[in-house]
Amino acid sequence: MSVEIEVDPGEVGFDATRLQRIDRHFARYVDNGELPGWLVLVARHGKIAHLGTHGMRDVETSAPVRPDTLFRIYSMTKPITSTAIMMLLEEGAFQLTDPVSDFIPSFADLRVYTGGTARAPQTRPAGEEMRIWHLLTHTSGLTYAFNHLHPVDELYRRAGFEHGMADGLDLAGCCDEWASLPLLFDPGTAWNYSVATDVLGRIVEVVSGQTLDEFFRTRIFEPLGMTDTGFAVDRADADRLATLYVADPQGRARRHPHHDEVRAAAFELPKALSGGGGLFSSARDYHRFSQMLLRKGELDGARLLGSRTVDYMTRNHLPGGADLETMALDSFSESAHAGKGFGLGFSVVDDPVASKVPSSAGEFAWGGLASTAFWVDPAEDLTVLFLTQLMPSSTHPIRPQLHQLVYQALVD
């Protein structure tokens, strides 16, 4: 199913002429060869006021981006997994303070890196158990192989996680392998982007008795009418799938060097289901998910979460109310900003002035590796979605520029 404009911009507080600045600005990225193509969706008061597309879903075949194009959303999977875990919390299945080892025994007796090299790391016992809230807030001490900032990152690469999940392992096996590797720090003492949400996906499986794809389908996607979202693309929809591009040293979009393998993998359910980055989706589907969050857990009669739960998830949960600039172990991409904290699955704006990006206090958001992004602004009753397929997401300042262009168009 596709998506379309639902309201005249002026009826929901936008200046239509100013909204066109969004399309003109990002069209230059395509014209300069910096993005293959993109889709942007802006909705206010529950109605889509702006929908723009430009460029190609596949440059080589001149196939354009369309409203029904399918995209790899990578880490925009994380808010969906966080929603799933909080749905189970609402059922009383666990508490946020429960140790991860209660559900995945290999996470008992964790160790923390203290020095040495990836070949000969020095470690000590962790001073704190890893708990579910640590996973939700990325304060667990876990990491990603692609970070390339710490000897433990290299240990992840040596264990086979450089390009995502390790070959031959299912999700349970991946979790056991991560548990065997040193943590970067004691849980709760710093912030580091990591495989934590993949571990949450495994907890969803253990608690619910369903595989992660089954839980997503029956408990989230079907109730919300998200018919395009899943861990694999139906072969009947192959023509809708956008090609994946990477940035060359000059920031130009080039077809992924392993295009054939990447495309073939899209049509097969992976052995390890990544709650941290494994989903494909469409503008219509992710818009519906965003609207559910904006409406505090409910959409069209389907309630996934209680309103107080959504409010709780979208507060800053970093210890002492710290922001990411203070708490992050490194200068991670566009997330380590002053004025922005982290909730249970989302970045959260605490101080728009400190962030130096037009926004509202209470806005929550996240993005994906291929330069996708979304945010929800309850103060303005606003959701915004940007979809493209360029890795890595740090190549261009798409997200702050999109903020500038959306908020300048609000005139009510």
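**Exercise 1: A sheet**

Strand E7 (residues 245–247) pairs with E17 in the parallel sense, over two bridges. Strands here are DSSP runs of type E with at least two residues, and helices are runs of type H or I with at least four, numbered from the N terminus. Two strands pair if DSSP finds at least two bridges between them. The model is predicted: local features need pLDDT of at least 70, side-chain atom pairs count only at pLDDT 80 or more, and totals for chains, interfaces and linings use all residues. Residues are numbered from 1 along each chain as its sequence is written, and side-chain values use heavy atoms, leaving out hydrogens and water.

Task: Identify the bridge partner of Val-246 in E17, then the order of the strands.

Solution. Step one: Val-246 has Met-391 of E17 as its bridge partner. Step two: the three strands form an open sheet of mixed pairing, in the order E8-E7-E17. Step three: strand E8 (253–255) and strand E17 (390–391) are the edge strands, each pairing on one side only.

**Exercise 2: Helix H7**

Solution. Step three: Gly-225, which follows H7, has a positive phi, near 70°.
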